Amino acid sequence: MMEDWVICELGELLKLENGFAFKSSKYLKEGIPVIRIGDINDWVVDETQAKCIEENEEYDGYIVEKGDILIAMSGATTGKFGIYRSDIKAYQNQRVGNLKPFSSSHTDKEYIFNLLHSLKPQIEKTAYGGAQPNISAGKIHSLQIVLPPLPIQRAIVSKIESLFSSLDSGI
């Protein structure tokens, strides 16, 4: 390990914020999309099929923003995660966790997103201890990682994106 890389817990870099328990009776055909576990698929969060709710400042603490990393916290798909790439304002439903870095000067969100791919087996192993798969914010926060300096995080993300671009091009 390089000397300027550090071993730390994920919770030292970010906070996993839980969503709001929206009542299904309040769902509408139009309004602000509510991101639920079913809207997280193939590492993408897609709001196009989401249930909607009327905008309300009571929900301002649960806004999903472009670039947010969301993770399923319970159910058969516990541990699946995706990144929200839309410019459309959305709300975060309960049992959907939002991984919010404390500082963009130490942590690149795209790096964390890619790091989650390697942490997924650990997350799933932790979650599948009972009848209903479930993972807590505390368990996510306690995951041990090796963190390189920010410029190296960005270089790793750039290389990953380059490799995926080559794959997409059929090279």
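The structure is a predicted model, in which local features need pLDDT of at least 70 and side-chain atom pairs count only at pLDDT 80 or more, while totals for chains, interfaces and linings use all residues. Residues are numbered from 1 along each chain as its sequence is written, and side-chain values use heavy atoms, with hydrogens and water left out.

Helices (H or I, at least four residues) and strands (E, at least two) are DSSP runs, numbered from the N terminus. Strands of a sheet pair through backbone hydrogen bonds, either parallel or antiparallel. Here, two strands pair if DSSP finds at least two bridges between them. An open sheet of six strands has the order β2-β11-β8-β9-β5-β4, with mixed pairing. At its edges stand β2 and β4 (40–41), each with a single partner strand, so one side of each has no neighbour in the sheet. Strand β4 runs antiparallel to β5 (residues 43–45), and two bridges join them; Ile 40 has Val 45 of β5 as its bridge partner.

Another open sheet has four strands in the order β6-β3-β10-β7, and its pairing is mixed. Its edge strands are β6 and β7, each of which pairs on one side only. Strand β7 is joined by two bridges to β10 (residues 90–92), and the two run antiparallel. In β10, Tyr 91 is the bridge partner of Ile 63.

The helices come next. Helix α1 lies across β2, β5, β8 (69–72), β9 (81–84) and β11, and runs at about 165 degrees to β9. Axes are lines fitted to C-alpha atoms, for helices over the stretch in contact, and angles run from 0 to 180 degrees between N-to-C directions. The axes of α1 (residues 109–127) and α3 (residues 150–168) come within 9 Å and cross at roughly 65 degrees. This crossing of α1 and α3 is left-handed (the near helix is turned anticlockwise from the far one by less than a right angle). Glu 110, Tyr 111 and Asn 114 of α1 make the contact with Gln 153, Ile 156, Val 157, Ile 160 and Glu 161 of α3, where contact means heavy atoms within 4.5 Å.

Thr 107 sits in the loop between β11 (96–101) and α1. This threonine is buried, with a relative accessible area of 4%; buried means under 20% relative accessible area, exposed over 50%, and partly exposed in between (1.4 Å probe, protein chains only). Leaving aside residues up to four places away in sequence, Thr 107 touches Leu 13, Pro 101, Ile 112, Leu 150 and Gln 153.

Finally, the aromatic rings. Rings of Phe, Tyr and Trp (its six-membered ring) pair if their centres lie within 6.5 Å; planes under 30 degrees apart count as stacked, over 60 as edge-to-face and the rest as tilted. Seven aromatic pairs are found in the whole structure. In one of them, the ring centres of Phe 20 and Tyr 59 are 5.0 Å apart with planes at 55 degrees, so the pair is tilted. This pair links distant parts of the chain, 39 residues apart: Phe 20 is in the loop between β2 (14–18) and β3 (32–35), and Tyr 59 in the loop between β6 (51–53) and β7 (63–64). The rings of Phe 22 and Tyr 59 have centres 4.8 Å apart and planes at 65 degrees, so that pair is edge-to-face. Both Phe 22 and Tyr 59 are buried. Ring pairs link Phe 20, Phe 22, Tyr 59, Tyr 62 and Tyr 91 into a cluster.
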